[in-house]
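Hi,

Here's the structure I promised to pass along.

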Amino acid sequence: MAETKKRRAMVKIKPKKYAVGDIVKVSFMVEHPMDTGMAKDKETGKVKPAHYIEDITFSFDGEPFTKMKVWESISAKPFFAVHYKVEKKGKITVDYKDNLGEEGSKSKKVKPKEA
Amino acid sequence: MNGLLLKKVLLGFSLTTVLLLAGEQFSMSEADKKMYEELKENNPADMNVEEGAELFEELGDEAALAKFLEVDEKKLANYIAGFPRYIKKMGNVVGLDQVLQAMQVEKSGKKDALDSENIFSMLAYVKSLANDIKINIDVKANKEMESSFSLGKKLYSEARGYRGLSCNSCHSLPGTVLRTQILPEMGAQNTGGTWPAYRMTLSKMVTLQERSRTCMRDAGQAPLPLGSKEMVALEVYITSLAKGKKHEIEIPGFKR
């Protein structure tokens with residue numbers, strides 16, 4: 001069983017103010033080490049086992065709109081951004097799952113400006 | 001013989017040119033600076049701000065802070081832009097981090113250390129509430145603020161430590177270069193309004209007070225403790241330098 005550690009993460013919507021019909025940039029970042037399994041630990045001298053995110057899902061109110069398959073070549077504290085067309089009020093959730101079975105999610109409310 | 005002499009002269013000349021040109025080189029090229037601007041878009045310290053928002057919600061959100069500071073919730077952002085302030089309840093000129101600590105004590109009797117990540121994150125979130133507002137610190141608001149400001153000004157130019165350096169030794173003239181880095185101009189570059197910031201050299205977010213401590217350590221001075229009277233005074237002085245300039249508060253910052 002993989003250890004479940006609460007990681008810092010963020011979901012950001014840019015620009016800050018938007019209306020229904022606007023295309024916004026939804027970005028996601030998580031404090032994940034993204035170990036490739038090839039680097040040594042500086043203190044112990046042992047090779048650190050691979051530990052990286054495999055799946056990322058962006059969903060709106062539980063309905064996925066973007067799925068990503070990623071692997072170890074991505075840097076630590078990975079950053080992902082997608083474009084999204086705002087249709088209504090709701091909540092964007094980003095879920096991730098790594099190769100050791102660790103899961104996490106982060107969400108952000110979508111609040112379009114009243115026309 | 002003459003040829004050798006000429007060679008020597010030429011070598012000497014070319015060496016001086018190389019050295020002169022080397023003086024023009026900084027650790028950051030123009031292309032690097034452009035990359036920095038792009039990186040600001042995905043500042044990792046945003047994660048700390050998000051975490052800070054969650055922690056602050058547990059503490060009671062803006063309403064609790066406004067109640068603690070005895071200000072109208074609508075004017076809270078403007079009030080935050082004027083920190084460090086003299087808070088009568090706490091009997092001292094304090095930074096926002098100490099206010100948050102006092103709120104923790106009031107709520108549960110327990111508190112996080114001033115150098116803990118929880119306080120750093122919360123401080124970043126609370127200060128980010130004042131984003132897009134100009135710094136409005138009033139150093140003449142009362143006699144406590146006045147004395148804190150003058151203490152900060154004194155500390156800024158007082159030589160300490162075995163190297164006999166003061167802050168002013170390096171951070172005085174614009175464009176001073178230290179180890180190939182151009183030092184920031186405290187006022188014009190909005191130092192008070194861009195910390196807490198993510199530091200790429202440390203891969204983490206630190207506050208202005210913590211950054212000053214690192215600077216003191218490098219300069220051979222004993223670092224002042226976080227939240228001490230002297231440290232807050234220094235923050236008051238540095239923040240006041242950015243007052244009246246064109247920049248607005250922009251939290252979290254993004255630094256070397």
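This is a predicted model: local features need pLDDT of at least 70, side-chain atom pairs count only at pLDDT 80 or more; totals for chains, interfaces and linings use all residues.

Residues are numbered from 1 along each chain as its sequence is written, and chains are lettered from A and ligands numbered from 1 in the order in which they are written.

Chain B overall: it has twelve helices and seven strands (DSSP runs numbered from the N terminus, helices being H or I of at least four residues and strands E of at least two). Of its 256 residues, 32% count as buried (20 or more other C-beta atoms within 10 Å of the residue's own; 12 or fewer is exposed, in between is partly exposed, with C-beta atoms placed from the backbone). Among the contacts in chain B with a separation of 6 or more, 72% come from residues 24 or more positions apart (a contact is two C-beta atoms, placed from the backbone, within 7 Å).

Now the helix pair. Helix 6 (residues 96-108) and helix 7 (residues 117-128) of chain B pack at about 110 degrees, with axes 9 Å apart (axes are lines fitted to C-alpha atoms over the stretch in contact, and angles run from 0 to 180 degrees between N-to-C directions). The two helices of chain B are therefore roughly perpendicular, a label for angles of 65 to 115 degrees. B:Leu96, B:Asp97, B:Leu100 and B:Gln101 from helix 6 meet B:Ile119, B:Met122, B:Leu123, B:Val126 and B:Lys127 from helix 7.

There's also an open three-strand sheet in chain B, order 6-5-7, with mixed pairing (strands pair if DSSP finds at least two bridges between them). Strand 6 (204-206) and strand 7 (253-255) of chain B are at the edges with a single partner strand each, so one side of each has no neighbour in the sheet. The twist averages 35 degrees from one strand to the next. Strand 5 (residues 197-199) of chain B runs antiparallel to strand 6 and is joined to it by three bridges, with B:Arg199 opposite B:Lys204.

One loop residue to look at: B:Thr180 sits between strand 3 (177-178) and strand 4 (181-182) of chain B. B:Thr180 counts as exposed because it has 11 C-beta neighbours inside 10 Å. B:Met28 is 152 residues away from B:Thr180 in sequence, yet their C-alpha atoms are 8.4 Å apart.

Finally, the contact between the chains takes seven residues from chain B and nine residues from chain A.

Cheers

Note on methods:
Angles under 35 degrees count as roughly parallel, over 145 as roughly antiparallel, 65 to 115 as roughly perpendicular and the rest as oblique.
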